[in-house]
Amino acid sequence: MQSAIVLGGGMIGVSAALHLQRRGWSVTLIDRREPGRETSYGNAGMIQAEAVRPYPMPRDFATLLKIATGRTNDVRYSLASLHRHVEPLLRYWWHSAPKRHREASEAWARLIAYATAEHDVLIREAHADNLIRRAGYRMLHRDPAAFELAIKAAEQNQRDFGVKFRVLNGSELAKAEPIVRDDLPGAIHWLEPWTVSDPGALVAAYADLFERLGGHILLGDAQTLQQTSSGWSVQTDDGPIDAANVVVTLGPWSPDLLQKFGYRIPLVRKRGYHMHYSGGVSLDLPLHDPARGYAMAPMARGIRITTGAELTGPDATATPVQLASAEASARELLDLGGRVEPEPWYGTRPCTPDMLPVLGPAPRHRGLWMNFGHGHQGLTLGPATGRLLAEMMSGETPSIDPAPYRPERF
């Protein structure tokens, strides 16, 4: 029986472990915490079937000037930490050129096409359907000109990738969400995404399925990974664990581990914040407010507001300026109620400069595999990339061409 250690208990790691397990592998999942407690927990809870194009870096001077001068809420940066981000940001800017972004979108959309179908299998097997709603989400617009541009972009995605949506004018939006004020230009209702009432609980349900099917989950330190004569070894709270293969699914911490084996993989590390609110009204579906750089979604603990990207140091203290701005913007639309938690949650999204995940075998180490760098879409793409990785590791013909995601591109 083939054996593997999966390092990282988020959506990416748990999904990879399940797909290897269903192919007859003996799999041990190792993390420093229980599954689903890091980046997979802190998100807007959407499985985004409509997200067929990865987020490019703005290239027009006006938008970049707004970011540089702090006049936009979707991106914020710490000047003292900016030196950490310069190189990956320059690469990100280069890859965001129209031709290169089109190429990235083609590779990205091939993964997105599997997102809901692969989740559906695991949701049913994990008995997690109570966490899922299959009704899409809405992207509201405050400015008529921006709304028209968004409709044109949605129509282009429909032509290119078959994405389904519905345009709602202001009165239709107010009818769909009676709690939202009725003087907005309108919204785009993306029809195919699924929403999750508790993202951490969904990961935990998948992890429980993995254990029920015979998998092992242990607490341990990924930084103790060592290559041995027969494969790989990691220290856990239960002692050393050995396997012929190891999969690195540590999200933003993956490059730090891989650096000691000679791999230098750049990431744009985007910190995001969230907070829950209760005691006010209840949303029907999640709302994305792109003009103000946040999203809010109805979840088990109340309405969750999630922010855009903060570029800061990995150990920097929380500076939830974006969250405060998002909260103020949300209160313009509806009665949020009060904050549930005393302090906001925050975590880091691992974004590669070319906007594609790092997926496949390490070029110079037998049995070392990588699966990370999904940007804002780790929750969405975990089962899809888990399947592709397991196919590669098992010697099967991959469901899609894995070449665009190979680690050696760096």
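**Figure 1. A look inside the largest nonpolar core.** This core has 62 residues, and the ones that touch the most other members are Leu20, Ile188, Trp190, Leu202, Tyr206, Met393 and Tyr405. Helix α11, running over residues 378-393, gives the most to this core, with 8 residues. Keep in mind that what you see here, and in every view below, is a predicted model.

**Figure 2. Zooming in on Leu20.** Who does Leu20 touch, if we skip residues up to four places away in sequence? The list is Ala4, Val6, Trp25, Val27, Val247, Ala390 and Met393.

Figure 3. You'll find Tyr277 in strand β15, which covers residues 268-279. Gln48 is 229 residues away from Tyr277 in sequence, and their C-alpha atoms sit 23 Å apart in space.

**Figure 4. Pro314, out in a loop.** Where does Pro314 sit? Look in the loop between strand β19 (309-311) and helix α10 (321-333). The relative accessibility of Pro314 is 56%, and the cut-off for exposed is over 50%, so Pro314 makes it into the exposed group. Leaving out residues up to four places away in sequence, Pro314 touches Arg84 and Arg271. His276 is 38 residues from Pro314 along the chain, with 24 Å between the two C-alpha atoms.

**Figure 5. Stepping back to see the protein chain.** Count up the secondary structure and you get 11 helices and 23 strands. The C-alpha trace spans about 65 × 45 × 45 Å along its principal axes. A compact globule of 410 residues would have a radius of gyration near 22 Å, and this chain, at 21 Å, agrees with that. Buried residues make up 55% of the 410. If you take contacts between residues at least 6 apart in sequence, 76% of them join residues at least 24 apart.

**Figure 6. Surface and charges.** The protein chain exposes about 17300 Å², and 52% of that comes from carbon and sulfur atoms. How many positive and negative side chains are there? The chain has 44 positive and 44 negative ones, and the centres of the two sets lie 4 Å apart.

Note on methods. Residues numbered from 1 in each chain as written. Predicted model: local features only at pLDDT ≥ 70, side-chain atom pairs only at ≥ 80, totals over all residues. Heavy atoms only, no water. Core = buried A, V, L, I, M, F, W, Y, C linked by side-chain atoms within 4.5 Å. Buried < 20%, exposed > 50% of the residue type's maximum accessible area, 1.4 Å probe, protein only. Helix = DSSP H or I, 4+ residues; strand = E, 2+ residues; numbered from the N terminus. Contact = heavy atoms within 4.5 Å. Rg over C-alpha atoms; globule rule 2.2 N^0.38 Å. Areas by Shrake-Rupley, 256 points an atom, 1.4 Å probe, with all protein chains shown as cover. Lys, Arg positive; Asp, Glu negative; His and termini not counted. Charge placed at Lys NZ, Arg CZ, Asp CG, Glu CD.
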